[in-house]
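Keep the viewer open and follow along as we go.

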Amino acid sequence: MTGALDAETPVEPVFDLAGVRYVYTNRQVALDGIDLLVRPGEQVVLLGANGSGKSTLLKLLDGIIAPTGGRMRALGRDIAAVVDGFDAFRFHRQVGLVFQDPDIQLFSATVLDDVAFGPLQLGLPDDEVEARCDEAMGIMEIRHLANRAPFELSGGEKKRAAIASVLSLRPDVILLDEPTAALDPRTKWVLVNLIRRLGEAGRTVITATHELDIVPVIADRVVVLGEDRRVHADGPPGQVLGDRDLLIAANLIHEHLHEHAGIRHSHPHGTDESHDGLDGPGGHGPDAMPPAIAWMADPAS
Ligand SMILES: Nc1ncnc2c1ncn2[C@@H]1O[C@H](COP(=O)(O)OP(=O)(O)OP(=O)(O)O)[C@@H](O)[C@H]1O
Ligand SMILES: [Mg+2]
């Protein structure tokens with residue numbers, strides 16, 4: 001509901017970026033002039049091909065690195081000051097990042113120690129720490145892994161532990177870098193529903209992903225980074241996902257050439273989509289396989 005009070009009361013943005021650039025020390029340009037305003041409670045999905053700057057942008061939003069150009073504020077603070085340590089403890093209570101690579105997130109002797117690390121840092125009483133760990137591990141279905149060493153876990157188990165270690169902090173602003181990568185379907189959709197519920201509960205959630213199928217469930221806004229490391233689109237999911245040319249240009253779906261009975265045609269595919277199971281008239285079943293691997297489907301040949 002938008003009342004007169006809402007219209008008149010300025011709401012401080014969570015993130016406010018103007019012309020932000022980030023250049024790594026090896027001179028690699030990762031972001032090249034990003035304008036982005038995120039308000040409290042927004043559910044943003046960040047789409048972009050490999051190398052388009054998604055992880056770099058999330059690290060900036062998390063106050064780990066400072067822009068090398070442009071202007072950026074986060075939760076009312078100059079982000080460069082946060083990176084230098086100013087009010088950093090309070091900032092990191094409010095903003096949590098699930099890294100793309102769980103090995104960066106997990107450093108303790110056991111999964112439970114990693115999940116408890118944040119709440120212990122906050123100085124919470126023991127029973128509160130225990131309750132938060134139990135809740136976070138329950139959501140991610142990893143209670144049985146509590147006493148395991150993180151480095152001995154499978155890729156998907158590590159990912160679940162890394163997510164739990166951020167959930168236990170209960171941050172107001174949650175940044176997720178490809179959270180569903182490496183997860184099995186059940187865990188993926190448990191997490192997708194969780195992300196949606198966090199949004200409904202008023203948290204600000206920014207998720208970088210390649211998986212277009214989860215976008216309508218978890219986003220009220222989609223920002224597309226192009227391979228030139230600039231924002232190519234910023235709008236509602238229906239509008240952005242409906243723009244086929246934009247998705248092809250940003251390398252989020254690809255034109256794929258097929259040959260059936262000598263007739264070539266093309267149509268777009270999501271980056272993770274395979275042809276398996278797309279059978280039927282005009283479909284792409286075993287008949288569409290290149291001859292070199294057709295024997296795999298036909299033991300008689
Ligand atoms: N530590 C680093 N040092 C130097 N260059 C880097 C570093 N990390 C990333 N880059 C470069 O910065 C650019 C953006 O990388 P980034 O990891 O932000 O992309 P991304 O959109 O997250 O990609 P992906 O989908 O593969 O995760 C790329 O060209 C990458 O090679
Ligand atoms: Mg990345």
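## Two positive phi angles

Glu141 sits in the loop between helix 7 (126–139) and helix 8, where helices (H or I, at least four residues) and strands (E, at least two) are DSSP runs, numbered from the N terminus. Phi of Glu141 is near 55°, a positive value in a residue other than glycine. Most residues other than glycine have a negative phi. Is Glu141 buried or exposed, or partly exposed? Glu141 counts as partly exposed because it has 14 C-beta neighbours inside 10 Å. (A residue is buried if 20 or more other C-beta atoms lie within 10 Å of its own, exposed if 12 or fewer, and partly exposed in between, with C-beta atoms placed from the backbone.)

Leu75 also has a positive phi, of about 45°, although it is not a glycine. You will find Leu75 in the loop between strand 4 (69–74) and strand 5 (77–78). Leu75 counts as buried because it has 21 C-beta neighbours inside 10 Å.

## About the model

This is a predicted model, in which local features need pLDDT of at least 70, side-chain atom pairs count only at pLDDT 80 or more, and totals for chains, interfaces and linings use all residues. Residues are numbered from 1 along each chain as its sequence is written, while chains are lettered from A and ligands numbered from 1 in the order in which they are written.

The protein chain has 13 helices and 12 strands. Of its 301 residues, 36% count as buried.

## Helix 6 beside helix 8

The axes of helix 6 (residues 111–121) and helix 8 come within 7 Å and cross at roughly 25°; axes are lines fitted to C-alpha atoms, for helices over the stretch in contact, and angles run from 0 to 180 degrees between N-to-C directions. Helix 6 and helix 8 are therefore roughly parallel to each other (angles under 35 degrees count as such).

On the helix 6 side, Val111, Asp114, Val115, Phe117 and Gly118 meet Ala161, Ala164 and Ser165 of helix 8. Contact here puts the C-beta atoms of two residues, placed from the backbone, within 7 Å.

## The nonpolar core

The largest nonpolar core has 71 residues, and Leu46, Ala164 and Leu175 touch the most other members. Such a core is a set of buried Ala, Val, Leu, Ile, Met, Phe, Trp, Tyr and Cys residues joined through C-beta atoms within 7 Å. Helix 8 (residues 155–167) gives the largest share of this core, 6 residues.

Leaving aside its neighbours within four places in sequence, Leu175 is in contact with residues including Leu58, Leu61, Val95 and Ile206.

Conventions. Parallel < 35°, antiparallel > 145°, perpendicular 65-115°, else oblique.
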